[in-house]
Amino acid sequence: MKLQRLLSYVRQAVDDYRMIDSSDVIAVGVSGGKDSLALLYALKELQHFYPNPYTIKAITVDLGLGNQNTDEIEQLCKSMEIEYHIVRTEIGTIIFKERHEKNPCSLCAKMRKGALNNEALRIGCNKVAYAHHKDDFIETFLMSLLFEGRIHTFSPKTYLDKSKLMVIRPLMYINEGEIISFK
């Protein structure tokens, strides 16, 4: 996928769901994977011509496992002139060494999102952009249907009452395969 097509899908999602308003400060959760890096790149490029001016800040949540190298993310953010923050946590220790979770994914995701949202608030953000793409929406829909017996998936925009943050998902129209080809 070419940059123009990526930007077209992101702009369509942002416009369709009014995800970005003037003066927004958007935290992008950056794991270093293809999805979050594509989102960071797309929002930075969109910033050049989008009619509502906004600011981007990148945040990585370090799980405290000692195996995460953020040097390349830091260099990328520096080259793109994006403020970059690393949140050091003990999430890995809590989940694997203290609690010995047999199914750690759900708890880890909740704790990571909590750490991300807290940092976003601390650095003055009013929105958080998650890198969920179309395949994530479909997978969540099917898992909800099969395991919970209900029809449910992510919302393109979600207001978090407790933190007063808006979560946006600008990659919602993009298939994972297209992100892979963009990478």
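User: What is the volume of the largest pocket, and what makes it a pocket and not a cavity?

Analyst: This is a predicted model. Its largest pocket has a volume of about 810 Å³. A cavity is a set of points where the probe cannot get out, whereas a pocket is an open set. The largest one here is listed as a pocket, so by that definition it is open.

User: Which residues are closest to the centre of the largest pocket?

Analyst: They are Ser31, Ala109, Arg112, Lys113 and His132, out of 26 residues that line it. Helix 2, strand 2 and helix 5 each give two or more residues to the lining. Helix 5 gives the most, with eight residues.

User: How do you know how far to trust the protein chain?

Analyst: Look at pLDDT, which runs from 0 to 100. The chain averages 90, and 98% of the residues score at least 70. Confidence is lowest in helix 6, residues 134–148, at a mean of 74. Strand 4, residues 127–129, has the highest, at 98.

User: Why are tyrosine 41 and phenylalanine 182 called a tilted pair?

Analyst: Take the distance, then the angle. Their centres are 5.8 Å apart, and the limit for a pair is within 6.5 Å. The planes stand at 50 degrees. Under 30 degrees would be stacked and over 60 edge-to-face, so the rest is tilted.

User: What makes this pair a link between parts of the chain?

Analyst: Tyrosine 41 lies in helix 2 and phenylalanine 182 in helix 7, so the pair ties together parts 141 residues apart in sequence.

User: Is tyrosine 41 buried, exposed or partly exposed, and how do you know?

Analyst: Its relative accessibility is 30%. Buried needs under 20% and exposed needs over 50%. Tyrosine 41 is therefore partly exposed.

User: How many aromatic pairs are there, and what makes tyrosine 50 and tyrosine 54 an edge-to-face one?

Analyst: The count comes to two. Tyrosine 50 and tyrosine 54 are 6.4 Å apart, centre to centre, with 70 degrees between the planes.

User: Why are tyrosine 50 and tyrosine 54 called buried?

Analyst: Tyrosine 50 has 9% relative accessibility, so it counts as buried. Tyrosine 54 has 5%, so it counts as buried too. The cut-off is under 20%.

User: Which residues have the most contacts inside the largest nonpolar core?

Analyst: Val10, Ile20, Val28 and Leu43, in a core of 36 residues. Each of these elements supplies at least two core residues: helix 1, strand 1, helix 2, strand 2, helix 3, strand 6 and helix 7. Apart from this core lies another, of 18 residues, among them Val61, Val87, Ile123 and Leu165.

User: Why would nonpolar side chains gather like that?

Analyst: In soluble globular proteins, nonpolar side chains tend to be buried together.

User: What does isoleucine 20 touch?

Analyst: Leaving out residues up to four places away in sequence, isoleucine 20 touches Val14, Ile26, Leu43, Leu46, Tyr50, Asn52, Tyr54, Lys127 and Ile168.

User: What makes arginine 18 and glutamate 81 stand out?

Analyst: Both have positive phi without being glycine. Phi is near 45 degrees for arginine 18 and near 60 degrees for glutamate 81. Arginine 18 sits in the loop between helix 1 and strand 1. Glutamate 81 sits in the loop between helix 3 and strand 3.

User: Why do arginine 18 and glutamate 81 count as exposed?

Analyst: The label needs over 50%. Arginine 18 has 65% relative accessibility, so it is exposed. Glutamate 81 has 70%, so it is exposed as well.

User: Where does arginine 99 lie, and why is it called exposed?

Analyst: Arginine 99 lies in the loop between helix 4 and helix 5. At 52% relative accessibility it counts as exposed, because the cut-off is over 50%.

Technical notes:
Residues numbered from 1 in each chain as written. Predicted model: local features only at pLDDT ≥ 70, side-chain atom pairs only at ≥ 80, totals over all residues. Heavy atoms only, no water. Core = buried A, V, L, I, M, F, W, Y, C linked by side-chain atoms within 4.5 Å. Buried < 20%, exposed > 50% of the residue type's maximum accessible area, 1.4 Å probe, protein only. Helix = DSSP H or I, 4+ residues; strand = E, 2+ residues; numbered from the N terminus. Contact = heavy atoms within 4.5 Å. pLDDT = per-residue confidence, 0-100. Phe/Tyr/Trp six-rings, centres within 6.5 Å; stacked < 30°, edge-to-face > 60°. 1 Å grid on protein atoms, 1.4 Å probe; cavity = no way out; pocket = protein on both sides within 12 Å on 5 of 7 lines; lining within 4 Å. Points joined across faces, edges and corners; volume = space filled by probe spheres on them.
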